[in-house]
Amino acid sequence: MNDPVLSTRGLQRSFTQGGATIEVLRGIDLDVHSGEIVALLGPSGSGKSTLLQAVGLLEGGFDGSIRIAGVEAAKLDSHGRTEMRRDRLGFIYQFHHLLPDFNAMENVLLPQLIHGAQRNEAEERSNTLLGALGLAQRLTHRPNQLSGGEQQRVAVARALANRPMLVLADEPTGNLDEATADIVFDEFLRLVRGEGSAALVATHNERIARRMDRVLRLHEGHLE
């Protein structure tokens, strides 16, 4: 098998609260390979979001090794981490975090322009992604004019806009009703697999987790 897109070794994270040390991650060893969709299963408070923040280079204070596309994150300065997030990673959250003053098309377009894409190419890419997610008729609608499921579809398109090697999704359907969650997650799986990206998806939903290629469980700071 090819080298993993994401590899962690001995990843640790602890917090001090009220004079006590709380160990959230206790030596996480994890590999995610190209094209693989991996579920990270665990109850609320188990450290799933903390792990995603670590491998997404969104927060410091971690011990251990994080390698993304063969590059050791600890060797990157602030600019290098920003470039890694921009060029290699895509993010989807439980709450979509769309830019409220921009329409669906613009929310997907902007990351590509920041990445350096030509506008016509970025518009074509945005149209393709949003169309694949059933939003061809909603391109000019702002987030407050879209349903919750539609907003999360835009968030999926935005995460894939720059063709990331790895998508990190934190409870991506946790804010949706069950029927809408199933539809959006079906579209997410289909699109991520079609793009050839890898994905690490944090969830507490066993039913959704079983639909992915592999399930890892986070328990008391360890992966099982």
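Trainee: Which residues does the annotation "domain: ABC transporter" cover?

Mentor: The unreviewed UniProt entry places "domain: ABC transporter" at residues 6-224. This is a predicted model, in which local features need pLDDT of at least 70 and side-chain atom pairs count only at pLDDT 80 or more, while totals for chains, interfaces and linings use all residues. Residues are numbered from 1 along each chain as its sequence is written, and side-chain values use heavy atoms, with hydrogens and water left out.

Trainee: Which residues touch the most other members of the largest nonpolar core?

Mentor: A nonpolar core is a set of buried Ala, Val, Leu, Ile, Met, Phe, Trp, Tyr and Cys residues joined through side-chain atoms within 4.5 Å. Buried means under 20% relative accessible area, exposed over 50%, and partly exposed in between (1.4 Å probe, protein chains only). Here the largest core has 33 residues, and Leu-130, Val-154, Phe-188, Val-201 and Met-212 touch the most other members.

Trainee: Where does Leu-57 lie, and is Leu-57 buried or exposed?

Mentor: Helices (H or I, at least four residues) and strands (E, at least two) are DSSP runs numbered from the N terminus. Leu-57 sits in the loop between α1 (48-55) and β4 (63-68). At 8% relative accessibility, Leu-57 is buried.

Trainee: What is phi of Leu-57 near?

Mentor: Most residues other than glycine have a negative phi. Phi of Leu-57 is near 55 degrees, a positive value. Ala-69, in the loop between β4 and β5 (71-72), also has phi near 55 degrees, and is partly exposed at 29%.

Terms used
UniProt positions are given in the numbering used here, feature names are shortened, and annotations may be inferred rather than shown by experiment.
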